[in-house]
Amino acid sequence: MLSWLVPQASTSARDIDWLFTLILVTVGFWFVVAQAALFTLIFRFRRRPDVAAAYISGERKEEKRWISRPHALVIVCDIVLIAGALLTWKAVKQDLPPADERVRIIAQQWAWVFVHPGPDGKLDTDDDVRTVNDLRVKIDTTYHFELTSRDVVHSFSVPAFRLKQDAVPGRIVTGWFRPTRLGTYDIQCAEICGIGHALMPARLTVETPAEQAAWYASRSAQGG
Amino acid sequence: MSAEASEATRHPNYVRVYLTLLVLFAISVLGPLLGHPWVTLVTAFGVAAVKATMVAAYFMHLNIERRYIWYLLLTMLAFMGLLFAGVAPDVLSQGGQNWRHVRPAQSAAPHH
Amino acid sequence: MAHAQQQSFWSRYVFSTDHKIIGLQYLFTGMFMGLVGSFLAYVFRMQLAFPGEPVPLFGVVTPLHYNALVTNHGAIMIFWVAMPILIAGLGNYLIPLMIGCDDMVFPRLNRLSYQIFFLSTVVILVSLFVPGGGFGGAWTAYPPLSASAQYNHTPWGAPLWLIAVALEFVAFLLGGINFVTTVMNARAPGMGPMQIPIFVWMVVIASIVFMASVGPLVAGAIMLLFDQLLGTHFYDPKAGGDPILWQHLFWFFGHPEVYVVLLPALGIVAEVITVFSRKKLFAYKTILYTAFATGIISFFVWAHHQFVAGIDPRMAHLFTITTLIISVPIAEMTFAFIATLYGGSIELRTPMLWALAFIAEFLVGGVTGIFLGANATDIYLHDSYFVVAHFHYTFFPIAIIAGFAALTYWFPKMFGRHMNETLGKIHFWGTIIPFNFIFLPLFVLGAAGEHRRIYSYEHFSQLFTPGLQNLRVLATVALVVMLLFQFVFLYNFIRSLFAGEKAEENPWKANTLEWLAPSPPPHGNFAEMPTVYRGPYEYSVPGRPLDYWPQHLPN
Amino acid sequence: MSASHASEFPVPLASRRSATGIPTGRLALWWVLASEIVIFGGLLASYIMFRLHHPHWADEASHTNIWAGGFNTFVLLTSSLFAVLGHQAAEQGDGAKAARFLRLTVVGGLVFLGVKAVEWRGEISHGFTIYRDLFWTFYYTATGLHGLHVLVGMIVLWLVAGDAARGRNLHRVELIGIYWHFVDAVWIFLFPLFYIAR
């Protein structure tokens, strides 16, 4: 459902969209049933002359059924949704698949600094490429990112990846993503971080390995 | 009024409670001198819990108060335990699943 | 004070210890702050719809303005509108009347509580106009942004904001202790626990939940204030502090706070729907127990606000489970309210329309909460406009819809006159329809990835599309329409105060004790202190000539 | 009960009812203490977490003055005894005796704050200021918040003692006593947390 509104550009996006649809169908059912019951009762029992209201305490067993049975059904639905949420969370947030490459993301007031591993595919070597507000990743490659902040709490959010993680000063949080779709996507800061909160619009480019190699080459040509 | 009178007769000997508290206090100060961490833990915090319970029971008269006042105060303490349990994995620990603290090396040096 | 007959205006209305006057003081302060909060919303919605254009009555909105506007809109609407109207205002006015006594047990403490609250109101308003402007770190005030003027650039606004919130907490702690003690000790003879009107129960549960949850945040606020003013490092990771600690202390209070305002709103709905459907409340005990369960479970869910905040991902599982569990008692209570309508004789007077609208609209807020309580979908939806739409579908029904239900229902009791029914219905539809057109578009915008607290989307190519911008304009236009319809209410309210049709003691033919007192009740409330003989919802009892059976009538 | 309420303020009927059987003042006081538990609880829970997170805080804690803290524990325990003896006297209707005990309690509070002042002065002069380390920030915040409670308690004790000496509002002797014992109980935990454990 979400993919109608925003591109689905990573493996996590697929998982999360699936869960979103599951929840939408489940709670949509409850929503329709409850609203239908509400409006039906309002219409059916509108005030009419000479029709008195019934006296129902709701404390007797056969009356209580009317709320205890839906109540049990709500619990069943909750269990299904909890299972779906927990499994998806585990896949997206907890389990880190083996990394092909790593990037480092450093947030500050008000810019994103990205450290790319460079042609050798390793961080903390001489060919690392630092950029500001410009992250470039290869398609179908599993990335681990190390996220931190220099000053206040920021949040690294890529809607097309369904990826969001707060960047907290004093902590390094590790996460992963695997792009599945070429293109350029918005990176937003999702945690208010001061005057420039709206002015941290970085771009994320998903490119082919050949394009990335060419970009690295052009960078080192400029730099060297 | 008769109820109040019977309450009064049930009051403990306050001076005896006070002397017991002083003995416990001495234990809590002397315990650490043994230099054993577990002894310190028990004499400092175990004794503190006993002392606080005694003060609550005999000086604050919770022993003759309605029972649910105990429950009320203990519920509040339990919520603090809950807060601790929920926060400690993030604040107490040095790191966890997929995250770690980065701190400048801590020393007793002044930070200004 | 000794000579009750010669009370001056000041001692009668300003320094009164009468619970009704104090209740009305809270109510009117809350309504005034509602206007302030609405104006802030109007300004930032205009900026979002027409970025960069000067906003009529305000001017050009800078990022600093924008942050202060959203921060104070949130804080004011929760702490200075929902809390004073639903709990302090209605609680003060109604609790002694509904339990059949003459005042709160501590009238002077009650007056002190309002005075502290009034001071907090002054401080928060002043904080908007100090050098550097109002605080702009969101109502959650996450450090290090909130802890240091170096980061937030509001050296005066931030501490004043925090002091105002702290004063407000003190006021509500005093008020809450007064409420709980009053209901525990001062009930009319014969009023056992199961004869207490649901609204009173709800205010008591809410007060207890508030009292138990706010303590750690009071401690946290002291620590934050020290960071701001003394330059200590409680939340500064560079010196051994931890910003996540504040988030936990804040949400340990912040989530129960939702139920603190929700429960009284549900209580109002229970009172109104029983009267206007002439029905006994369906399963009183179940409703009561689900309210207790909700209050308790609300302490176990707080970290669902922090799924992506850098907390340990294993903890997120526990909080997802508890969060989805809390939907069970709330759903059951909603079912009981809907079941109350079955077999009723429903009259759609203005208060009833508001109460029914509460159920219908709150359902939207309830079901959309599931998306956010589930940790995996929250990764995407966290801090997006989906969240904004979700909690406005809970808080708007709570504070505004239930508030109007209460005002229109108890207006005859408070002021001895009726409000105009036609104007009331115009105002109802003029509020409810635009309300949905404000926040339904925001669900779509949030699902499209739009984040909160961004003063302009011009820098985001995926968000600044014509389609999405049209939705922003739609929401803003709907807001302006809704705000304009509030003038209908203000006109109706003020006109009815002086020229409304006179109301008798019990115009709605209700059972609860407040309707035994004259309208408006005099000092001391009842000519003769009532005794209670039955529960509050004995409507349409078979074999009785009248379809109501007030609590105070002997068998 | 109602006779002792006689004052210029007209006491509402509500204040004189007691559906629970607990007098209204005492019932409210329990709720006050319940909300105090969570305020101190939040602060101390934060402190304990930080303490266990930072092993070096044990070294910092060794610079607190265990003898001053210990003496203050003794002082507060003793003043608590006076408070409860005052309550006993009030129960027997002896307002003058109750007032004497309450004033002795106030003296205990004064000694406590005096020792505290000397202690803080010594620490600050040795460089252990609130900025030295987060441990010291917690130390000054927690003991300061507690000291504030002591100060408020002393003022109220003094007022209640004045009333009691004239035989008025004797039920308040018990209430301020319960509050004072609570302040004592908080110190019972602060003492090992900041002084003994090192």
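Predicted model: local features only at pLDDT ≥ 70, side-chain atom pairs only at ≥ 80, totals over all residues.
User: Where do I start with the chains: which pair makes the most contacts?

Analyst: Begin with which chains touch. Among the 5 pairs of chains that touch, chains A and C have the most contacts. Chain A and chain D, by contrast, do not touch, and their nearest C-alpha atoms are 14 Å apart.

User: How many residues does each side give to the contact of chain C and chain A, and how much area do they bury?

Analyst: Chain C contributes 96 residues and chain A contributes 82 residues. Between them they bury about 7,700 Å², with 69% of that on carbon and sulfur atoms. On the chain C side, the residues that lose the most area to chain A are Ile379(C), Tyr380(C) and Gln462(C), which together make up 9% of what that side buries.

User: How many salt bridges does the rule find across the interface of chain C and chain A?

Analyst: The rule finds 2 salt bridges there. One salt bridge pairs Asp242(C) with Arg171(A), and their closest N and O atoms are 2.5 Å apart. The cut-off for such a pair of atoms is 4 Å.

User: And what does the contact between chain D and chain C look like in the same terms?

Analyst: Here 33 residues come from chain D and 43 residues from chain C. The two chains bury about 3,100 Å² between them, and 73% of it lies on carbon and sulfur atoms. Within chain D, the trio Phe9(D), Arg17(D) and Trp31(D) supplies 22% of the area buried against chain C, more than any other three residues. The salt-bridge count between chain D and chain C is 0.

User: What is chain D built from?

Analyst: Secondary structure gives the outline. Chain D has 7 helices and 0 strands, so its pattern along the sequence reads α-α-α-α-α-α-α. Its C-alpha atoms fill a box of roughly 60 × 30 × 25 Å along the principal axes.

User: How do I read a helix pair across two chains, and at what angle do H2 of chain A and H10 of chain C cross?

Analyst: Look at the axes, then the angle, then the residues in contact. Helix H2 (residues 61–94) of chain A and helix H10 (residues 313–341) of chain C have axes that come within 9 Å and cross at roughly 160°. That angle is why H2(A) counts as roughly antiparallel to H10(C), the cut-off being over 145 degrees. The crossing of H2(A) and H10(C) is right-handed. The residues of the contact of H2(A) with H10(C) comprise 19 nonpolar, 5 polar and 4 charged.

User: Which residues are joined by cis peptide bonds?

Analyst: Most peptide bonds are trans. In chain A, a cis peptide bond joins Gln109(A) and Trp110(A), with omega about -5°. Trp110(A) sits in the loop between strand E1 (101–108) and strand E2 (111–116) of chain A. In chain C, a cis peptide bond joins Pro143(C) and Pro144(C), where omega is about 0°. Pro144(C) belongs to the loop between helix H4 (107–127) and helix H5 (149–152) of chain C.

User: Is the phi of Arg453(C) positive or negative, and where does the residue lie?

Analyst: Most residues other than glycine have a negative phi. Arg453(C) has a positive phi, near 60°. The residue lies in the loop between helix H14 (421–447) and helix H15 (466–499) of chain C.

Definitions and conventions. Residues numbered from 1 in each chain as written. Chains lettered and ligands numbered in written order. Heavy atoms only, no water. Axes fitted to C-alpha atoms, helices over the stretch in contact; angles between N-to-C directions. Helix = DSSP H or I, 4+ residues; strand = E, 2+ residues; numbered from the N terminus. Parallel < 35°, antiparallel > 145°, perpendicular 65-115°, else oblique. Left-handed = near helix turned anticlockwise from the far one by under 90°. Nonpolar A, V, L, I, M, F, W, Y, C, P; charged D, E, K, R; others polar. Contact = heavy atoms within 4.5 Å. Buried area = accessible area lost by both parts, 1.4 Å probe. Salt bridge = Lys/Arg side-chain N within 4 Å of Asp/Glu carboxyl O.
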